[in-house]
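Subject: Handover of a structure

Dear colleague,

Please find below the structure that I am passing on to you.

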Amino acid sequence: MTTTTAAMTSSVAREIMYREAINEALRQEMERDETVIIMGEEIAGGAGREHLGIVDAWGGPFRTTVGLIQQFGNERVLDTPLSEAAFVGTAIGAASTGMRAVAELMFVDFVGVCMDQLLNNAAKMRYMFGGQVKVPFVLLTRIGAGFGSAAQHSESFYSIFSHIPGLQGVVPSDAYTAKGLLTAAIRSDDPVVYFEHKGLYGNRGPVPEESYVLPLGKARTVRPGTDITLVGISRMTWVCTEAADELAKQGINAEVVDLLSISPIDYDHVIESVKRTHRLVVVDEDTPVCSIASDICARVAEEAFEYLDAPPSRVTAPHTPVPYSRPLENIYLPNASRVINTVVRLINGN
Amino acid sequence: MDLDQKTLLNLYKTMTTIRHFEERGIPETGQRQMSASVHSSAGQEAVPTGICAHLNDEDYIGSTHRGHGHCIAKGVDPKLMMAELFGRATGTNQGKGGSMHIADMSKGMLGTNGVVAASVPLAVGAALTSKLRKLGRVAVAFFGDGGANQGVLHECMNLASVWKLPVIFCCENNGYAESTPVEYGLSVANVADRAAGYDMPGFTVDGMDVFAVYESAGLAVARARSGEGPTLLECRTYRFYGHTVFDNPLSYRTKEEEDIWRARDPLKQFRERVVPEGIITAEELDRMDQEAEEMMEEAIRFADDSPMPELSELYEDVYVDYPLDMMRRGVNMAD
């Protein structure tokens, strides 16, 4: 299904930031459903110091959870010790026993310390227990390089989660998708990993004031085109649109698909696009081997082979950790220039 | 005062070098690399200083995200550290790691680390190497009050105890994990209270007093070196600045509290202890401060004059042995 950015109907849409959209989704869901709880490190900040007048000292390391503890109290907004395995597992346990639990993993790079709970409990409990249980659990986490944060604070890593049966995952790219997808994730009865991009927090966009759901598992087209399909993941969607604008000046009309979901991946949306454009480039800031980019290319090659006029291609990070030094980090990331060069090469058939 | 003049001078020199590195180097880094991920240890100097005074180059330490003081106390060259912070090819890590990953294996410095408590098992592993190969070395595993609640730390304390490894678990309890006060997340009054649970001695000491740290560390290091196993050493200290230099610590700390700890500045306390006893003059301490300041100026010049890494460095040292074209195959890097 190809849709352009969904029209806002009768709702009021004002411009807010991506991080405010996340905040609003959390607040509205917590207002709507008293079983929604959220836990994580620094999500309020200054915890335990209410008697000194310190409440909500940080509202989250990136201020996505600001104001929640004042409204919902410290039994629904729980700062945690530095114990991811414990609190992620606890959130999963709470979700299995009647709560809708949201846990925040501060950076996806830290998933190693709590991976067992995600892989062996959240993902598998419903299946292993023969359908007895549902796990309405959301893992909020954050991704993205480009901020000089070096190897252990810059991962994208979402393909690991796509690979795990039992988990779902979303990669919102703007304020509008941030709110709609988080609302959907919280209401979902399946465990969902929600990847916030560090570089998008300040991005403003129109967001309806009232609550709304965007369907999980669906991509969207943000720029219609005819000559080539560019699939972007999270911030890379805007790298694709930047490239598309430049390519238009060269007479190349690129269609940009915003993936939005890394599990399930909306192959149908991508294939429908490739059937019209006959070429595909996936732009993914994750590392390349066994990546989402590779998976989409393989699927398109398998299911849309006769529609392709060029090999499905990828613009990704290299197979290295994220380097610290600025000039190295700059070439690590996909950028519009690399996308343009790849597109031109494919269009010219070499 | 039991310590000889040479030891005393080295203790002060280390502390003032750390102080000057943090207060001069971090702002300069912020201007150049524009990275938020730099963490000042100003205020905490006495802890690595007092401990590493008992270590030699072959001994090991594992560090934290707030590790510049650990590096300097262990003998890592501040000039090369500055170059690393500035992302230069001459840095300790060739510009590849930055503040949170500074390492110097020639000094047994197993790296600062961006994942809380993640260097603890590395230090334990180094202790294992020493025991297996009968090297007589010890390892110090640094972590903070936040790290005290991290699962891997507990597993490591248990493991080091049952394997009787020559490791010192050193908790730098500065009262806060980012903005979260220690009392919120810690189930005991003192981190060292947990030592009994792992069958090792535990001590809580004043981490603003380099002599207290030095004395306790001496016992723990001696115990490790003699093969008696690990110790948990908790040093109560304070970071004068925020978690990073970008947060305002007054959003979660009070000015009164900060003033109390500032008054206990380890450099100031050292001066007040040592000068009245006539062992070292105030002028000598001032001179060391001045030398530290000049060292930082030189380090900044060195770093600024150093080249950035070659772009091909991006692909270097991912492995020892791996096909180089696999780093960039099919990903359409820039030409």
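This is a predicted model: local features need pLDDT of at least 70, side-chain atom pairs count only at pLDDT 80 or more; totals for chains, interfaces and linings use all residues.

Overall form of chain A

Chain A contains 12 helices and 14 strands. Its radius of gyration is 20 Å, which agrees with the value near 20 Å that a compact globule of 350 residues would have. The C-alpha trace of chain A spans about 65 × 45 × 45 Å along its principal axes. Buried residues make up 58% of the 350 residues of chain A. Among the contacts in chain A with a separation of 6 or more, 78% are between residues 24 or more positions apart.

The two domains

The domain assignment of chain A gives domain 1 as residues 14-208 and domain 2 as residues 220-347. The centres of domain 1 and domain 2 of chain A, taken over C-alpha atoms, are separated by 27 Å. Their contact involves 27 residues from domain 1 of chain A and 23 residues from domain 2 of chain A. On the side of domain 1 of chain A that touches domain 2, at least two residues each come from α6 (158-162), β6 (168-170), α7 (175-187) and β7 (192-197) of chain A. The most is given by α6(A), with 4 residues. By residue class, this side of domain 1 of chain A has 14 nonpolar, 13 polar and no charged residues.

The seven-stranded sheet

In chain A, 7 strands form an open sheet with mixed pairing, in the order β3-β2-β4-β5-β7-β6-β12. At the edges stand β3 and β12 (261-263) of chain A; each has a single partner strand, so one side of each is left without a neighbour in the sheet. From one strand to the next, the twist averages 20°.

I looked at strand β2 (residues 36-40) of chain A in some detail. Strand β2(A) runs parallel to β4 (residues 100-105) of chain A, and 5 bridges join the two. Within this pairing, A:Val36 has A:Arg100 of β4(A) as its bridge partner. Strand β2(A) also runs parallel to β3 (residues 77-79) of chain A, to which 3 bridges join it. Here A:Gly40 is the bridge partner of A:Asp79 in β3(A).

The bridge partner of A:Val170 in β12(A) is A:Ser261. Strand β6 of chain A is also among the elements that supply residues to the side of domain 1 that touches domain 2.

The contact between chains A and B

Which residues build the contact between the two chains? Chain A contributes 45 residues and chain B contributes 47 residues. The elements giving two or more residues to the side of chain A that touches chain B are β14 (313-316), α11 (326-332) and α12 (336-347) of chain A. Of these, α11(A) gives the most, with 5 residues. The side of chain A that touches chain B divides into 23 nonpolar, 15 polar and 7 charged residues.

With kind regards

Note on methods: Residues are numbered from 1 along each chain as its sequence is written. Chains are lettered from A and ligands numbered from 1 in the order in which they are written. Domain bounds come from an automatic or database domain assignment. Two residues are in contact if their C-beta atoms, placed from the backbone, lie within 7 Å. Ala, Val, Leu, Ile, Met, Phe, Trp, Tyr, Cys and Pro count as nonpolar, Asp, Glu, Lys and Arg as charged, and the others, Gly among them, as polar. The radius of gyration is taken over C-alpha atoms; the globule rule is 2.2 Å times the number of residues to the power 0.38. A residue is buried if 20 or more other C-beta atoms lie within 10 Å of its own, exposed if 12 or fewer, and partly exposed in between; C-beta atoms are placed from the backbone. Two strands pair if DSSP finds at least two bridges between them. Axes are lines fitted to C-alpha atoms, for helices over the stretch in contact, and angles run from 0 to 180 degrees between N-to-C directions.
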